[in-house]
Amino acid sequence: MQLLEYAIRGVPTGCVFALLAVGLVLTYKTSGVFNLAFAGQAYVSAIVYYELRKELELPLVAAGVISILIVAPLIGLLLERVLFRYLRSAGSMAKLVTSLGLLIAIPEIAKLLFGSETRRNPPPLWWVRRTDEWLWPEGATFVLDAGQVATILSTVVVVIGLVVLFRATNLGLRMRAVVESPRLAELSGVDSERVSMAAWMLSSVLAGLAGVLVAPLFASLNPFDLFTLLVAALAATVFGGLTSIPLTFLGGILLGVLQAVLAGTLPTDSVLTNGLRPSLPFVVLFLLLLFRPGLRTTRELTDPLASVDAPPPPPAARARPPWIATSARVFGTVVSLIAVALCWFVLDSYWLGLAISGLVLSVTMMSLIVVVGMGGMLSLCQAALAAIGAFAMAQVVAGTGVPVVLGLVVGVVVAAAIGALLAIPVVRLDGVYLALATLAFALMFQSIFVPLSWVSGGAVPITVPRPVIGPLDLSDDRYFLVFVIVCAVATALVVIRLREGTTGRFLQALQTSDVAAASIGINGPRARVVAFTIAAGIAGFGGGLAAIDLGQASYEASFPYLIGLVWVALLVSAGARSIQAAVLSGLFFFLFPALLDKLFALPGNWVDTNPDAPSWVAGIADAIQPTWAQSVAFILFGIGAITYAKHPEGSIEAQTTASVNAIVRRVEARNDRHRVAAGAGGSAP
Amino acid sequence: MTAPLLSAVGVTKRYAGIVALQNVSLEVGPAEFAAVIGPNGAGKSTLFDCLTGVQRPDRGHVHFDGRPVDGLRPAARARAGMARTFQRIELFGGMSVLDHLLVADRARTRRGGLLTDVFTGSRPSSDELDRCSAVLELLGLQEWAERPAESLTLGRGRLVELARALMCEPKLLFLDEPSSGLDRHETDEMGDALLRVQSERGLAILLIEHDVPLVQRLAERMYVLDYGELIAAGPTDEVLADQKVRVAYLGAST
């Protein structure tokens, strides 16, 4: 009986999982996009509902209709029209990276539009607050409060609606046809574009509904909680094999029930079970991805017209004529030296600190080059691996007193070892599944291991001293800068040699044709495990450096998994195979928001120093909010990732290729003119 | 008679109730040129997949070079001496023709690992370049060596696939419709290249083909598949004269 009570308590949560999961499956089935930005869509509806209820004090029905039935489908329509319809034939990697970019950008856009203040106590989608007014069943020992009943009722309505839609309407029939085969559906006269539009609007409504329903569970509205919830709901989508809606529903509810039962029955005093309860969905997701029968054999769902991922064009370095390569190298060296000199002599400690953090991050970015750019595996757990490196280093240094530099080595080894253990099961998964499994790992790490004191040191991060190398005390930022540069250059050299060497060639072969690589005897899984392990080691190195830079190994400050997703979006949009992209995107990540901050402070500063400044300047200064810099930066990072579909080689690589081509064309044109002039001169007697 | 290089016994494969291959047995001797023909959907590609390890047959066994290879994945079978080309051409993106050959050579010799890459670099040695240029010359691809393989015509692309397969120094070469999509002239060139390859390298070849004149020109022995069953096997000329084969495949009236 006790167990039944726990189980019933889990049903509302399960319903939320089910709504999120079904929404994801809808868009995945009809457009092949595994839409991580779903959480962002849910967040927007939740914000709109909050504003309408709390600020404008609209009645519940009006607020609900506007936020769930008007705003949400409009967002879905917008995304489909301006973005995803152009991605129908793109590879799964491009689609996933695009949704990753949106996941980062959408909440920040919402914050710009609606203000970024903390929204406490989100209002429920029900007339009564979470009280005992509504007990069910009456007189029972267990209760579902009004919000939970509302959740269950809404879910029932959605289930009936979906069943009616799919079984009894024309649109539903066409949707099912498109799901079976978009091409065949088109050939028999179904407008698959309109069907896909409808699916996006419908799934967006589900996102909005889930967002509004779930918001009251949290103390305040924020996109991170919603995304974590979405990842939890992923377990349900995988349970349904990413295709079956009824199974997905069942999976969502089972997950909620299982979570509640475990929460009720597991002992509360054990560290392990305390970690296990919040992380259960991620553990389930991870295990399902590895062991669900039929998942590995079902082909990834894509449009039959979709090509495989476009092969990476050769890096511009190889395509360009040698004289350009030489002059570019000289130019690059000069610019780098000037930049270093600038850091050394000119920058104040604030900017120098940011530049160092950027360079440190670029080492972690290089790990993404190996795993994403070379290995073709969209790993979403590099931040977790970096954290592992940092924690291992900090623990060893704090526990045994070995020199910090030696601790760095330990960090690399531990991160690589854990990366290898993770890679062995995970590399056998394809595209989307691999990305999800690494995401599940990142969340498992965050919820189970980070709170443990033998991992992270517990609530107070372990401090890490700056090393002293010979006469140089690296607590002077300028010496530390040189140390970081040496580390980054060494890492870059290793990555370049691997990329151009046999390892890189094998990986490139595997990435562009798995079957052909196998046919010449390349052991694909082994090559991928090696790449993943090396990347994990490099990430551990970057993480260790970040901890030294900050003076402590802090998960919150340096390695939250969402920040890791931003890194992926940044690097991939800059160029997933290019060292230049890794360095620039690392620097960009720290310097760009700081520059924006300075820019946004200009009007205010001007008003402060000039009392007779025109009033509109003061108006602008007042309108600018301190969080804008971060928001704008993240929006641009996210939008950068969206360009991936157009330039899979990355914007920096595309830019380089374009300018090299332009230079070559101009030189050739000049040579032609000379030749023509010489020819004309020769022919004239 | 010498022991066969490849022997498949009773290979059966079903897909969700549809029988793709029914109890198919075949043999390829050392240095023999054999062919499998059959109408579309006869199960030729499934047979190839079962022989090269891409698919696991439901029943039946495959022996290669004196040992069973049933449990081996495609990559392991490749290292054991099976190489193949593909009906839908499968080249590596962003690599030159020479790169294709070098990669295949490194996969065979297993030269160059992480440490080699990092510490000594991975420039091709003169041995490797010699082996590559021998194959390029054999197939007449020298002048395309530095070109990106994807930029070549379909016919040359197929030759690159053949060259890549040869770099594995196979004992048996599986060719999956090497003439598909080629015109008469290119098909003849492909035939010439295959004859050169076989006479110079002395390896066995198993060919899947639609093009009967090409098979007649190349293959010593042939197998005919129809609806997943072997309906004829034997020396090429005899099989082609067989009335059953003419009905199933050549569209002759009874």
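**Chain A: overall build**

Colleague: What radius of gyration does chain A have?
Modeller: With 685 residues, a compact globule would come out near 26 Å. The radius is taken over C-alpha atoms, and the globule rule is 2.2 Å times the number of residues to the power 0.38.

Colleague: What conventions apply here?
Modeller: This is a predicted model, so local features need pLDDT of at least 70, side-chain atom pairs count only at pLDDT 80 or more, and totals for chains, interfaces and linings use all residues. Residues are numbered from 1 along each chain as its sequence is written, while chains are lettered from A and ligands numbered from 1 in the order in which they are written.

Colleague: How many helices and strands does chain A have?
Modeller: Helices (H or I, at least four residues) and strands (E, at least two) are DSSP runs, numbered from the N terminus. The C-alpha trace of chain A spans about 105 × 75 × 70 Å along its principal axes. Its count is 28 helices and 4 strands.

Colleague: What percentage of the residues in chain A is buried?
Modeller: Buried means 20 or more other C-beta atoms within 10 Å of the residue's own; exposed means 12 or fewer, and partly exposed lies in between, with C-beta atoms placed from the backbone. Over the 685 residues of chain A, the buried part is 50%.

Colleague: How far apart are the end C-alpha atoms of helix 4 of chain A?
Modeller: Helix 4 covers residues 92-114 of chain A, 23 residues in total. The expected span is 1.5 Å times one less than the number of residues. That gives 33 Å, and the end C-alpha atoms agree, at 33 Å.

Colleague: Which residue just after helix 4 of chain A takes a positive phi?
Modeller: Helix 4 of chain A itself is mostly covered, with 19 of its 23 residues buried. Just after this helix, a phi of about 90° is taken by Gly115(A).

Colleague: Which element gives the largest share of the side of chain B that touches chain A?
Modeller: Contact means C-beta atoms, placed from the backbone, within 7 Å. It takes 28 residues from chain B and 27 residues from chain A. The largest share on the chain B side, 6 residues, comes from helix 3.

Colleague: Which residue is the bridge partner of Lys13(B)?
Modeller: Strand 1 (residues 6-15) and strand 2 of chain B pair over 7 bridges, in the antiparallel sense. In strand 2, the partner of Lys13(B) is Leu21(B).

Colleague: Which residue of strand 9 of chain B stands opposite Ala34(B)?
Modeller: The open sheet 6-7-8-3-9-10 of chain B has mixed pairing. Within it, strand 3 (residues 33-37) and strand 9 (residues 221-226) run parallel, joined by 4 bridges. Opposite Ala34(B) is Arg221(B).

Note on methods: Two strands pair if DSSP finds at least two bridges between them. Two residues are in contact if their C-beta atoms, placed from the backbone, lie within 7 Å.
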